[in-house]
Structures are given as structure tokens and as C-alpha cells.
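Subject: Structure for you to look at

Dear colleague,

Here is the structure I said I would pass on. My notes follow below it.

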Amino acid sequence: MTLAEALAAFRSANSLPRGEEQCDFWTCRVGPLTLRLPNFSWRRRALLAHDLHHVLTDTPCTMFGECRMAAWEIGAGPMPHWGAALMCTPLALVGLILIPRQTAAAFRAGRRSRSLHGVPVPDHVLMLPVEQARRALRR
């Protein structure tokens, strides 16, 4: 499976809307609550890298998965914008409280990896097999 195919499957399986990068708002579910939040330009620019990080690290799009992904992205650094750091830090802290071992392991894995934030992702990279892309992400 190519990275592009895995990304499409990830977004479909998690009901992530197409074209979210162009939307003014995004929806976040926290337990029984559904929040409608502004889709700031820094978030729109970070979406592709964030979703690819999920695919490449095999991290689910769940509350605990987002806590682990926040820790991984902090570890992999640098964050793409101070707003992203402001969003990820509380998630990582919640993860340290509720799932400390998994969150710490995600942070350590991030320290050994490259972040895709701020890096253009050319089409030929999306055509790589997922396993090859995973190897390239490791430092």
C-alpha cells in the first residue's frame, strides 16, 4: 500500500472530511461533546503532516491516540507554530496522567524520528510504500 492510499484509508476510517484544509471551522469530539473550533491557517498547513504522522506511526485517531501523537510530535519537533504547541502540550500532559507509559514511549519515539511539519511533501513521497516511508521518517 502506498502512503497516499494509507492516508486516504486513515481519513475515511476516521470520518475526516475531504478538503478540511480549506474549511474555516473544524469539529472535534471530546467524549459526548462536539466542539466547533476555528480552523486557523497554521492548523490547515499542519493537517497533512499530522495525518501522515498518524499513518506512519500507526497511531489511532482516538482521544488517547491524539495524546500519544501530541507527545510524538513534541518529541520529533519542531512544532510548526506556537498555536500547535499550545494545542499539543495539554494533550501530551493528559496523556502523561492517563496513559503515562504509552505517552512517554511516543515522546521517545518522536525524539528518534523526523517531523514532516514545515517540510513540503512531494507527490513522489506519497507514492512510496508505507514501510519505506516509515524507515525514511526514522533518524
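Of the 139 residues of the protein, 37% count as buried. Please keep in mind that this is a predicted model. The accessible surface comes to about 8,400 Å², and carbon and sulfur atoms account for 62% of that surface.

On overall dimensions, a compact globule with 139 residues would have a radius of gyration near 14 Å, and the protein agrees because its own value is 14 Å. Along the principal axes, the C-alpha atoms fill a box of roughly 40 × 35 × 25 Å.

The protein contains seven helices and two strands. Read from the N terminus, the order of elements is α-β-β-α-α-α-α-α-α. If we take the contacts between residues at least 6 apart in sequence, 63% of them join residues at least 24 apart.

As for charge, there are 17 positive and 10 negative side chains, with the centres of the two sets 8 Å apart.

I also looked at one residue in detail. Ser115 sits in the loop between α5 (100–111) and α6 (123–126). Its relative accessibility is 13%, so Ser115 counts as buried, the cut-off being under 20%. Leaving aside residues up to four places away in sequence, Ser115 touches His53, Trp72, Ala76, Gly77 and Pro78. Pro80 is 35 residues from Ser115 in sequence, while their C-alpha atoms are 9.5 Å apart in space.

Regards

Terms used:
Residues numbered from 1 in each chain as written. Predicted model: local features only at pLDDT ≥ 70, side-chain atom pairs only at ≥ 80, totals over all residues. Heavy atoms only, no water. Helix = DSSP H or I, 4+ residues; strand = E, 2+ residues; numbered from the N terminus. Rg over C-alpha atoms; globule rule 2.2 N^0.38 Å. Buried < 20%, exposed > 50% of the residue type's maximum accessible area, 1.4 Å probe, protein only. Contact = heavy atoms within 4.5 Å. Areas by Shrake-Rupley, 256 points an atom, 1.4 Å probe, with all protein chains shown as cover. Lys, Arg positive; Asp, Glu negative; His and termini not counted. Charge placed at Lys NZ, Arg CZ, Asp CG, Glu CD.
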